Amino acid sequence: MHQYIAFECFFQIMIDEGDTDLLIPLAYNSAGQPGSCGDLRVIDQSDDDQLLDSGIVCTFVCHFHVIKGNVLEWSYPPAFSAIDRLEFRCIASGSHGVSSDFVYFVQSAYYGLAVFTNVHVDEDKERGARMKAVGVLSHSLFNLHHHLSFLREQALKQCQQPGSYDELVSFSDPILSKEIRISTSVATHNFPSPPGVLCDLVRLFDVNIFVLWKLVFLKFRIIFYSHPPVGETCHRLFATLQLLSHTLQWVGNSPQITPLMLVSLSDLDTLSESRAYLACTADKIIESKTGCYDFFVSHNKITTWRRDLEHLLKPSKSDKQRFATLVHSSSPTRSISSRSRASTELCYREYFATMNDRILEVLHQVCQTSGSAITKRHIISMGLNPAQDRMFVLEIIEQLDLDLIMTFDTSCPCF
């Protein structure tokens with residue numbers, strides 16, 4: 001049994017309330033007291049052998065044929081039937097222009113991970129390039145990344161030795177014969193992810209990480225765009241889900257957010273019918289299909305076609321304060337190592353989970369109180385600023401379909 005050390009972070013936001021500065025703790029240690037990144041808490045994780053029980057149901061190989069296009073070349077076990085159009089799911093649009101890539105996707109009732117490799121060959125019938133994708137399908141999205149290295153190795157071997165599937169069968173048989181013991185879903189509020197992805201997301205978005213946090217907290221439809229390679233953009237979806245981590249029961253009637261992973265033009269109907277999702281795409285033209293998303297993210301730029309939501313795109317003064325304390329508290333020095341990076345990742349996770357729980361806890365309390373009114377004191381208890389975060393709280397009330405009202409006006413000079 002492995003144990004990982006998680007840092008309980010302590011953050012404060014200063015709110016000017018008349019003549020009084022309120023210091024609001026945004027996280028607590030395991031004893032329920034304000035803590036710091038020096039306070040350690042032990043989190044138990046799964047045994048390594050449980051990685052084999054990650055719900056793998058199928059292994060496959062696809063390739064690009066110069067006449068037929070994408071072709072499903074081989075799948076195992078042979079009786080597995082949920083493979084319709086799998087060859088188009090596992091290779092992103094425009095992949096012919098890159099040497100390697102990986103994608104996460106949804107296939108029927110399963111999640112998939114595939115690694116794409118493009119190598120030069122002296123074969124006229126292949127027009128000088130051999131393109132293969134090797135992947136797996138699973139019941140679980142959140143354990144797929146453990147197989148990434150193996151799939152990379154196999155994708156290259158399939159390009160070098162086409163038609164040799166013995167190692168893939170040897171990989172599949174022990175997994176397919178095991179009973180599934182674990183399955184992590186979005187409903188568990190815990191999102192195991194590839195290491196370092198949240199650190200990368202915070203570094204990429206800077207203070208706008210809190211803009212992205214608000215959008216995912218409000219359960220909007222969000223699409224990330226990237227020209228191939230798209231693998232790192234897929235990983236940004238995992239990191240964005242971590243911004244939503246929480247331990248308390250959700251409130252209101254908001255939909256469960258769905259990780260659709262890589263999507264294409266053929267998925268427009270699914271996107272239009274979904275109430276809340278995270279997705280990524282290599283098809284820039286989807287940006288013009290405004291009815292199927294709320295926010296479009298290209299690199300670190302977030303845009304929306306909805307004028308009524310434009311106010312959410314600008315980070316507030318409070319967001320800037322939160323970002324400053326987040327970075328300072330998790331990385332007090334500039335030295336970077338694999339160990340400090342892991343510690344920073346855990347501290348980021350704790351930060352957002354605690355912030356979400358504080359908001360949810362107050363909302364639960366208010367919803368159970370007669371009158372159902374949110375006051376300035378409630379917003380402060382959430383760790384938010386009554387003036388600068390007021391519109392965000394109003395969006396929470398609307399998006400979560402809460403029967404609440406706000407009983408103060410921030411136009412008062414005291415704010």
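In this predicted model, Arg-85 sits in the loop that links β6 and α1. Although Arg-85 is not a glycine, its phi is positive, at about 60°. Arg-85 is partly exposed, with a relative accessible area of 45%. The loop between β6 (69-76) and α1 (86-89) also holds Pro-77, and the peptide bond leading from Tyr-76 into Pro-77 is cis, with omega near 5°.

Why do these spots deserve a look? Most residues other than glycine have a negative phi, and most peptide bonds are trans. Here are the backbone features of this kind, side by side.

| Site | Feature | Value |
|---|---|---|
| Arg-85 | positive phi | about 60° |
| Met-261 | positive phi | about 60° |
| Asp-206 | positive phi | about 55° |
| Tyr-76 to Pro-77 | cis peptide bond | omega near 5° |
| Pro-228 to Pro-229 | cis peptide bond | omega near 5° |

Is Met-261 buried or exposed? Met-261 is buried, with a relative accessible area of 1%.

The sheet itself is open and has five strands in the order β11-β12-β10-β13-β14, with mixed pairing. Its edges are β11 (258-263) and β14 (301-304), each of which pairs on one side only. On average, neighbouring strands of this sheet are turned by 20° against each other, direction ignored. The loop between β10 and α6 contains Pro-229, and the bond from Pro-228 to Pro-229 is cis.

Now for two helices. In α4 (residues 197-205), seven of the nine residues are buried, so this helix is largely enclosed by the rest of the structure. Among the buried residues are Val-197, Leu-201 and Phe-205. Just after α4 comes Asp-206, with its positive phi.

Helix α11 (residues 390-399) includes Ile-396, which is buried, with a relative accessible area of 2%. Which residues does Ile-396 contact, leaving aside its neighbours within four places in sequence? They are Phe-217, Leu-218, Ile-359, Leu-363, Asp-401 and Leu-402. Ile-396 and Lys-214 are 182 residues apart along the chain, while their C-alpha atoms are separated by 9.1 Å.

Key:
Residues numbered from 1 in each chain as written. Predicted model: local features only at pLDDT ≥ 70, side-chain atom pairs only at ≥ 80, totals over all residues. Heavy atoms only, no water. Buried < 20%, exposed > 50% of the residue type's maximum accessible area, 1.4 Å probe, protein only. Helix = DSSP H or I, 4+ residues; strand = E, 2+ residues; numbered from the N terminus. Contact = heavy atoms within 4.5 Å. Pairing = 2+ DSSP bridges. Axes fitted to C-alpha atoms, helices over the stretch in contact; angles between N-to-C directions.
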